[in-house]
Amino acid sequence: MITATQKPIDEIKETISPYKRVLVLGCASCVAECAAGGEKETGILASTLRMAAKMEGKEVTIREKTLDRQCVKDFVVQMDDIIDEYDAVLSLGCGAGVQAVAEIFPELPIIPALNTEFLGETRDQGFWVESCVGCGDCMLYYFGGICPLARCSKQLLNGPCGGSKDGRCEVDPEVPCAWQLIIERLERFNAMDRLEKIFPPKDWSKKQGQGPRKIIREDQQR
Amino acid sequence: MDIRKRSLALFYCQNVPQSGIKQRQALEKLYGPSIKLFPLPCSGRLEPLHLLRALEEFADAAYVVTCPEGACRYFEGNLRARKRVELARKIIASIGLEEDRVGIVMNEKERQKSLADFAKELMSRVSGLRPSPVLRPRTGFEDPERKQGDKL
Amino acid sequence: MRRLEEVLKSGKFAVTAECGPPKGADPEAILKKAELLKDKVDAINVTDNQTAIVRMSSMAACALLKQNGFDPVLQMVVRDRNRIALQSDVLGAAALGIENILCLSGDHQSFGNQPQAVGVFDLDSIQFVQVVREMRDNEVILGGDALSKPPKVFIGAAANPFGDPLGFRVVRLAKKVAAGADFIQTQCIYNLERFKKWMEMARERNLTEKVYILGGVTPLKSAKMAKYMKYKVAGMDIPDAVLARLEGVPSKKQAEEGIKMCVETIQGLKEIPGVSGVHIMAIEWEAKVAEIVERAGLGPRPTKGK
């Protein structure tokens, strides 16, 4: 999923300050799973902003709504009927959600309330960890299901570097060395020979390409 | 000092002693509109939003009363409540509200208190707060000290 | 022929040392350090923004050394440059007469004084070795475009015999050799027993016949420094006995004890089959290198064969 965290309240207050009627817009998908922008968090943020406005004696209307997905047009158009009631939307979607809403309502400022963080997994309650960089050319097979691009601090494809100690990364002893994990997994599968070859430089054109990457599937189109 | 001069939203676990409907009605009669009581099947069901909404709409303070530590019927409901209260305290502090407008009180294993004990204790504690700056413009609850002679 | 390569090929025990460029634009600073090493070592490594702290560029410092008659080893980390810049700098270095390049990953940017910098890591150190080898031997860059003139450089890489897991450390050495490393400089050796084990594994894979291995040493100035390196520096293996030995002498004499231990380590290294030389990293203590070389019986250095 895409993970995110809420921006500091002062930054949010500053960015919505020019607007009198603000819709606080949650998203019930990824950012709900990581407890940053789901219905609950949207309610909390809207309530907090209303209280802050009252404390400052500001006359503003702040209401909340949560879409199933902000990044999918079919869900965003559900706001067609109510959008005229607002001067701005404060989006608790990820960066993609914010931009998808802005694409559909080009007249309206769509302001991000979250910092989008990474593609990750919910490892435990209240604990999310990055595990994919979206490189466009998955190499997990070779590395026993552990991605060195996402999980090695130096993105080494022929690692480990000289800094790991007791299975921990030199950058932060809290972080397990991705290469230690890779080696343990491959030893378990008796597949250490996969590491004997030299992995060539990564083809980053599959990630960076020319402008934003697109996927076009004619079989899926209307 | 009239301990009814501030309004309190009091959330409580239904396993707190003497917290049935009769006791609740008695407390509502005693404190009038200064108190709003919200029974919960377990304090673990409390959400930060409940506390914030109370502060936003009518209360100078919002508190939750739970079973003693280690005595939650659902094992860790009251521990979760504590974390959620902590989050709500952080949120209100971030907009300049006093953290003490939100809080949690856990019952004691050895000397269990009743809902009425807690209500009295918390109403008294809350009466020391200044009127909530969130409610002031709307004058949802009047401050007897601001309007002399006017007793709720 | 390249000087370091010449010494190694002749079968003599090679000696290299290290100079960190200044945190400023002063050319004298690096030359002063190098002067202390004159005729004491076969080549001088110039570090590349080590510990991710901004310093005079390694390339510029190497050019200064070259102009003044020294033989520099240009250290290049993949942390700060993508493949375009790395290949371009290899060509530039060769054009400036720099004959040795050491290809490294580099200390992570979070350690230094620019923790907000992007870590590039477009190539890793092994891929970089391979790229330089292709440039030199096959006269092509990545993707196959031909070079008008190849960079005739002696290619080095680093190895840490003390990192985990030990088994894979030798696999990684083998990969560096297969990628094209001519010589290896190792992490500082304080645990000679573990180093011997690693060398034994390297010999089993016939790696010592394919690559020159220079054991790394760093003299310890004090018990305090030893403690710092033991607990704070990534990838360092300082056994308790080493620390205890330094702590066992009065603080005034710890520096001398550190030199003595360093000399003993070098003498130990000379006895290990497959070790071709020593790389002395006297951190901000270049003045002591001459003494260490002398006392380890490595002086005087062979004069230029050219």
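How many nonpolar, polar and charged residues are in the lining of the largest cavity?

1. The lining of the largest cavity has 8 nonpolar residues, 2 polar and 3 charged. Please keep in mind that this is a predicted model.

2. That lining consists of 13 residues. Cys152(A), Ser153(A), Cys161(A), Cys169(A) and Cys177(A) are those that lie nearest the centre of the cavity. The space in the largest cavity comes to about 110 Å³. Over the whole structure, the search finds 4 cavities of 30 Å³ or more.

3. Turning to the interface, chain A brings 13 residues to the contact and chain B brings 16 residues. About 1400 Å² is buried between chain A and chain B, and carbon and sulfur atoms give 65% of that area. On the side of chain A, the most area is lost to chain B by Met51(A), Lys54(A) and Met55(A), which together account for 46% of what that side buries.

4. The rule finds 3 salt bridges across the interface of chain A and chain B. In one salt bridge the side chain of Arg50(A) meets that of Glu56(B), at 2.3 Å from N to O. Polar contact between chain A and chain B, with both residues at pLDDT 80 or more, is counted for 5 residue pairs.

5. Two or more residues of the chain A side that touches chain B come from each of α1 (9–16) and α3 (39–55) of chain A. The most is given by α3(A), with 10 residues. Sorted by class, this side of chain A has 5 nonpolar, 3 polar and 5 charged residues.

Note on methods. Residues are numbered from 1 along each chain as its sequence is written. Chains are lettered from A and ligands numbered from 1 in the order in which they are written. This is a predicted model: local features need pLDDT of at least 70, side-chain atom pairs count only at pLDDT 80 or more; totals for chains, interfaces and linings use all residues. Side-chain values use heavy atoms; hydrogens and water are left out. Contact means heavy atoms within 4.5 Å. Buried area is the accessible area (1.4 Å probe) that two parts lose on being put together, summed over both. A salt bridge is a side-chain nitrogen of Lys or Arg within 4 Å of a carboxyl oxygen of Asp or Glu. A polar contact is a pair of N or O atoms within 3.5 Å; within protein, one must be able to donate a hydrogen and the other to accept it, and residues adjacent in sequence count only if both atoms are side-chain atoms. Helices (H or I, at least four residues) and strands (E, at least two) are DSSP runs, numbered from the N terminus. Ala, Val, Leu, Ile, Met, Phe, Trp, Tyr, Cys and Pro count as nonpolar, Asp, Glu, Lys and Arg as charged, and the others, Gly among them, as polar. On a 1 Å grid over the protein atoms alone, a cavity is a set of points where a 1.4 Å probe fits but cannot get out, and a pocket is an open set with protein on both sides within 12 Å along at least five of seven lines; lining residues have an atom within 4 Å of a point. Grid points are joined across faces, edges and corners, and a volume is the space filled by probe spheres set on the points.
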